[in-house]
Every structure is written in structure tokens, then in C-alpha cells.
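Here's a short walk through the model on your screen. Keep the 3D view open and click along as you read.

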Amino acid sequence: MELFGEAFAWFTDPANWSGVTGIPNRMFEHVWLSALTIAVGTLVALPIGLAIGHTRRGAFLAVSIANVGRALPSYSLLLIFFTFLGIGFASAFPALLVLTIPPILTSTYVGVTEVDRDMVEAGRGMGMTEVELLRRVEVPMALPVIIAGVRIAAVQVVATATLAALVGGGALGRFIVDGFGLQRHDQLVGGAILVALLALATERSFTLLERRVISPGVRGVVDKEPAATPRPVLEMGA
Amino acid sequence: MNWNWISSNVGAIADAALDHVVLTALAVGIGFAISFLFALLIHHDRRFYSPISGITGLLYTIPSLALLALLTPITGLSLLTAEIALVSYTLLILTRHIVAGLDGVPREIDEAAVGMGYDVGGRLMRVDLPLAIPLIVAGLRVATVTTIGLVMVTAFIGEGGLGQLMLRGFNFRNYTAVYVGAIVTVGLAIVADLGLITAGRLATPWTRPR
């Protein structure tokens with residue numbers, strides 16, 4: 001395959017490994033933009049989701065936000081934010097942030113709501129305050145669902161951060177958008193491989209995180225479910 | 001908002017919207033056919049579950065722009081490239097929902113069907129599938145709304161329907177086109193979603209209270 005030869009040559013060219021336009025810097029920009037967005041998105045959506053899940057109030061709001069979020073494509077968001085905020089990360093960041101909120105908010109709310117009410121009542125009977133109930137009963141039990149939501153958001157952000165190049169952001173999308181513009185297949189394919197690997201690595205690291213932070217007791221309960229019963233997909237992807 | 005631009009480009013906007021609908025319908029249609037096959041395989045034999053969910057999960061995780069970039073040198077700037085990418089993203093969603101729907105049929109109902117003399121095919125067509133309709137429709141809703149959003153990205157390879165309209169607006173700093181494209185897309189998504197909900201209700205008259 002001549003194409004992969006070209007891509008290989010692109011990867012091994014030292015000129016592509018240095019400076020602002022080099023692979024390391026573009027990768028750094030991509031990871032930095034994605035990580036910042038996920039961190040801020042989690043800080044915003046998690047408390048709201050916990051509050052809705054715990055109090056059972058405002059569920060309608062959560063569902064509405066999730067549905068609107070699904071109907072607003074990331075591509076449109078980027079271009080719309082661009083018309084207000086101009087070129088660069090300034091418009092990429094808010095567009096990405098809007099994407100992270102629905103999956104994290106819904107999964108947190110659904111996760112907490114699905115916690116067995118008997119467990120919560122038992123905790124209450126043991127004299128736990130509302131905050132303790134949330135922190136020591138509901139959150140640990142809901143953690144698999146919450147992390148799944150953050151994982152969906154993170155993969156989506158890594159995917160969409162690629163489009164940031166369209167509005168003049170850096171990141172790995174630069175290689176692809178410019179590759180299309182210049183009809184340069186080597187950098188097009190090279191950039192695509194980097195983005196795909198980053199998305200897969202993001203997904204993988206959240207799966208590993210799930211294994212580490214979820215309480216063995218909760219995991220045991222999860223494992224008892226027949227492994228082959230698939231869950232319907234809650235949220236959209238790239 | 002430049003209202004003059006809108007009134008003098010109604011035709012172009014409608015064309016873009018129609019393209020958008022066609023691209024979406026093709027992708028969801030082909031995706032459904034493939035997913036249906038996958039789901040039947042999984043329903044028939046669980047051993048198919050891991051390989052199929054592995055492949056569809058991998059396709060789902062690869063960012064859309066990256067997949068288009070990988071395909072373009074091979075299949076060119078074409079409708080085929082756009083559809084391969086769009087179909088890829090529907091597979092995970094649809095397969096999971098169809099399998100979940102088929103799995104959700106209560107055992108007693110299946111046994112009753114066997115007792116009444118249904119063979120495997122008849123049971124599938126006349127018992128399992130109708131009962132799976134609510135979950136299948138749920139899958140189609142997610143897949144359709146997702147695809148309507150993803151079609152936008154295929155503007156990079158010269159397709160894209162309303163995405164193309166927005167990209168041109170963006171390139172020429174004609175922001176009205178950007179807003180119109182975004183609003184019409186959301187409108188399409190809402191109409192498609194409501195349409196599927198209605199179709200699902202009509203197809204399952206037994207779920208309505210008498």
C-alpha cells in the first residue's frame with residue numbers, strides 16, 4: 001500500500017516532530033484542550049446531576065438538556081461559537097464544553113436515581129446526613145454509571161477537538177483539515193491515525209480507571225449480571 | 001441575520017436540507033440492514049457478541065473526521081466515503097438496541113409460541129420482532145439524530161447537505177448561512193425524532209391503553 005508508505009514517511013520525517021506545527025505540540029494542544037474541557041465540564045455537570053439524582057427534583061430539566069444536547073451537532077456548535085468569539089481556542093473551548101455536559105449530567109442523575117432505595121433508607125436509619133448519604137452510599141454505588149458518562153463525554157471531546165482546527169484552533173485536527181485543503185494524503189492519514197489512537201487510548205484509560213476506583217462490592221454486583229446483555233446506548237458519539 | 005439572503009436562497013437551503021435527509025436516510029437504512037444481521041447472529045449464538053461489539057465499538061470510537069481522512073485516499077471525495085463513515089457510526093447503536101429488544105422478550109411468550117407450533121423463523125418474525133419494536137425504535141431515534149449531526153462533518157469531503165451550507169457560510173463570513181444551517185438541522189432532528197416516535201406507536205397498537 002503506497003498510501004501507508006506515504007504516511008510512514010510522514011511519521012518518520014524529523015521535520016514533523018519539532019516546533020509549533022510538529023506532532024508533539026499538536027498532540028499536547030489536543031490533550032490539553034480535551035482535558036481542560038472534561039475537567040470543567042465535570043465540575044459543572046456532576047454537582048447538578050448529584051443534586052437532581054438525590055432530591056429527585058428537576059429530572060425533567062436534566063432529560064431536556066440531554067435531548068437538546070443530542071440534537072445540537074458539535075460541528076454546528078463550533079461554527080456558531082466562532083461567529084461570536086472568533087478564531088481559535090476561544091470558540092473551540094465553549095463549544096466542546098457544551099458537549100460534555102449532557103452525558104455527564106444524565107449519567108450522574110440516572111446513576112444516583114438507580115441506587116437501591118433500601119440502601120439509602122438503611123443509611124438514613126444509621127443516622128447519615130444527606131451529604132453523607134450522597135458521599136458514602138449513592139456516589140459509590142452510582143460510580144460505574146457516572147464514569148461511563150464521563151468516558152462518553154471524553155471520547156466525544158477528543159473526537160470533536162479535531163474539528164477545532166476548522167475554527168483556527170491547533171490540535172491534531174490541523175493535520176487533517178490542512179491535509180484536505182492541500183490534498184496531502186500523507187499528513188491526512190498520519191493525522192487521522194494519531195486522532196484515532198488518542199480516542200482509543202482515552203476510552204481505554206477510562207475503562208482502566210473504572211476498574212481501579214469502583215468498589216469491589218459494587219463491581220461484584222455488576223459482574224453478576226449476564227455479561228452478554230448489552231446496554232442500550234445512552235448518548236451519541238463523535 | 002440577513003433576511004434578504006434567506007429569501008433569495010430558499011431554493012439552495014431546501015436543496016441542502018434534502019441532501020441532508022437523503023444522506024441520513026441512506027446511512028440509517030444501510031446501517032439498520034447490517035445491524036439487523038449482526039443482531040440476529042448474536043441472538044442466535046452469543047459467541048458472536050464479543051467480536052461484533054468489538055468491531056462496532058472500535059468504529060464508534062474513531063472520530064468522524066479521522067475516519068473520513070483515512071477513507072478519502074482510498075475511496076476518494078465521494079458519496080461512498082461519506083456513507084461508509086456514516087454507516088459505521090450507526091452499527092453499535094442499532095445492533096445493541098435490536099439485541100436488547102430481542103433479549104427482552106419474556107421466555108414464557110417464546111415458549112407459548114413454540115407450543116402453538118411456530119418454527120424459528122415464524123417466531124422471530126411474528127413474536128420476537130414485534131415485541132422488540134419499542135427498543136428498536138429507540139435505537140433508530142438515537143442513530144438518526146446522531147447521523148443528522150454527523151452528516152455535517154462530511155462537508156469536508158464535499159457532501160454534507162446543510163453542513164456544506166454552513167461551511168460555505170463560514171468560509172465567506174456569511175454568518176446567516178451558518179445560523180440557518182444550524183437551525184434547520186436541529187429542526188430536521190426534531191422532526192425525525194417525532195416521526196419515529198409516531199411510527200413506533202402506530203406499529204405497536206397493543207401498548208396503548210384501550
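## Ground rules

Two residues are in contact if their C-beta atoms, placed from the backbone, lie within 7 Å. Helices (H or I, at least four residues) and strands (E, at least two) are DSSP runs, numbered from the N terminus.

This is a predicted model, where local features need pLDDT of at least 70, side-chain atom pairs count only at pLDDT 80 or more, and totals for chains, interfaces and linings use all residues. Residues are numbered from 1 along each chain as its sequence is written, while chains are lettered from A and ligands numbered from 1 in the order in which they are written.

## Two helices in chain B

Start with H7(B) (residues 120–151) and H9(B) (residues 175–203), whose axes come within 9 Å and cross at roughly 170 degrees. That makes the pair roughly antiparallel (angles over 145 degrees count as such). The axes here are lines fitted to C-alpha atoms over the stretch in contact, and angles run from 0 to 180 degrees between N-to-C directions.

Residues of H7(B) including B:Ile133, B:Pro134 and B:Arg141 meet residues of H9(B), among them B:Thr185, B:Asp193 and B:Ala203. This contact divides into 11 nonpolar, three polar and two charged residues. For the record, Ala, Val, Leu, Ile, Met, Phe, Trp, Tyr, Cys and Pro count as nonpolar, Asp, Glu, Lys and Arg as charged, and the others, Gly among them, as polar.

## Chain A on its own

Chain A comes to 10 helices and zero strands. Its C-alpha trace spans about 65 × 40 × 30 Å along the principal axes. Of its 238 residues, 45% count as buried, meaning 20 or more other C-beta atoms within 10 Å of the residue's own, with C-beta atoms placed from the backbone.

Take a look at H5(A), residues 89–113: 19 of its 25 residues are buried, so the rest of the structure largely encloses this helix.

## Where the chains meet

On chain A, 38 residues are in contact with 43 residues of chain B. H9(A) gives the most to chain A's side, with 10 residues. That side divides into 27 nonpolar, nine polar and two charged residues.

## The core

A nonpolar core is a set of buried Ala, Val, Leu, Ile, Met, Phe, Trp, Tyr and Cys residues joined through C-beta atoms within 7 Å. The largest one has 124 residues, of which A:Leu78, A:Ala164, A:Ile176 and B:Ala66 touch the most other members. H7(A) gives the most to this core, with 18 residues.

Zoom in on A:Ile176: not counting residues up to four places away in sequence, this residue touches, among others, A:Leu188, A:Ala192, B:Leu65 and B:Ala66.

Definitions and conventions. Buried ≥ 20, exposed ≤ 12 C-beta atoms within 10 Å, placed from the backbone. Parallel < 35°, antiparallel > 145°, perpendicular 65-115°, else oblique.
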